[in-house]
Amino acid sequence: MGHFTVLQGPERLETFQVDTTHEAYPAIEEAASHLCERDTPVAFPTETVYGLGADATRSASVRGIYAAKNRPADNPLIVHVSDLDMLKSYLGGDDIPKKYQPLIERFWPGPLTMLMPNPEDSRLAPEVTAGLKSFGARMPSTSLALSLIKLTGRPLAAPSANASTKPSPTMAQHVKYDLDGRIELILDGGPCEVGVESTVVDGLCDPPALLRPGGIGIDELRKCPGWENVVKAYKDQGHDGKTAPRAPGMKYKHYSPTARVILYEASCADGSGGITAADAERALSPEDGAADTCNANVMRKVGVIRTKRWTQVAGLHSNQLSPAVSKEDARDGDDQQPGTSYQVLQGELVSANGEVRGGLLDIDLGRETRGIAQGLFSALRELDQLGASMIFVDGIDDELDIAGAVMNRLRKAASEIRV
């Protein structure tokens, strides 16, 4: 079962149960009508992350996305279509570029966005492209998303349904947490399968370029005819600021929790066994700025996100750990976070001589790259909501597959990087 969430006013959300197959259509029809008639965007699930959708043909509707997210106006949006005929109708009478045919056959519907030429007499609202002569097009694979687009009868412009710069939402609760009071409808289809945004490619240039890593790895792209020499054309640390971004996620700081994130690259030999002694000592220190407050003994909560190398608490010292569940996600009798494959453990952070110095939160995302990708954004949000002010993350190798997307997001979220 999923949920259809209706925002009745700026301060209260009411939730209605719906079946996400046949019986969901009344709810999806209501969302489609909303998209056609109103200018407030609708949040809906895709296989990657939750999207914040608006009618891509109406400027007022698209501007509602930018307002709800507080998104910079020069950051372009991806256009979501339900089928190839819908896409073709927005190409000004031209066919889909042949360069994309092998990708369409292999990856659509799915987590892949392709840049298309935007005709001079474009039917898309100009706010979608942010002044570019191209637009990103994607066909999501979830039946709920495809049904919503088809019932709306128009392509949906849809970035991730989070407040700008924050971790992308992979569950409806994440959308509600960020955008409660800013939007009116959320379609809840459960947790997202992929967990990171779509891969964005440009086949209008030669050689073709990978503009944003995502659910499809560059190694998979290179197996397709005409894409053997696809080049990486993005920077993990941001954009030069001098030119317009060619795709979402290229220019601005993204995916960041409130907590300070310290990322250990897989290449960091000093961090192969856990957090370094210097960082461990820093974790034991009072909260930054506490000396300037009335209480100089304010102690921090430290979070640890483990992947392939670190063992529990990553070399820090703690008393016995027990399951923790955030207020946002708590369910009676269930210690595991709803919609996730991991468990948050909590305990006291202690010094080598046993002195309590703060709180400790530990998450193990496992050793499988796909599982790490699926749980990453949720884990960052979970530690934020549990009060962590510092989060240490064990990075993974990122040469080819979806690990490239994981590390791209972590590098953008990180306040400090250990190499």
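## A buried aromatic pair

Y264 and W310 are both buried, meaning under 20% relative accessible area with a 1.4 Å probe and protein chains only. Their rings form an edge-to-face pair, 5.3 Å centre to centre with 75° between the planes. For Phe, Tyr and Trp (its six-membered ring), a pair needs centres within 6.5 Å, and edge-to-face means planes over 60 degrees apart. Y264 sits in strand 13 (residues 260-264) and W310 in the loop between strand 14 (301-306) and strand 15 (317-318), so the pair ties together parts 46 residues apart in sequence. Strands here are DSSP runs of E with at least two residues, and helices are H or I runs of at least four, numbered from the N terminus.

All this comes from a predicted model, where local features need pLDDT of at least 70, side-chain atom pairs need 80 or more, and totals for chains, interfaces and linings use all residues. Residues are numbered from 1 along each chain as its sequence is written, and side-chain values use heavy atoms, leaving out hydrogens and water.

## Sites from the record

UniProt, in an unreviewed entry, puts "binding site" at T48, H80, R138, A158 and S198; such annotations may be inferred rather than shown by experiment. Though spread over 151 residues of sequence, they cluster in space, with a largest C-alpha distance of 12.6 Å.

R138 is in strand 7 (residues 134-138), and its side chain makes a polar contact with that of T48 (3.3 Å). That term means N or O atoms within 3.5 Å, one able to donate a hydrogen and the other to accept it, with sequence-adjacent residues counting only if both atoms are side-chain atoms. S198's side chain makes one with the side chain of T113 (2.8 Å).

Terms used
Phe/Tyr/Trp six-rings, centres within 6.5 Å; stacked < 30°, edge-to-face > 60°. Buried < 20%, exposed > 50% of the residue type's maximum accessible area, 1.4 Å probe, protein only.
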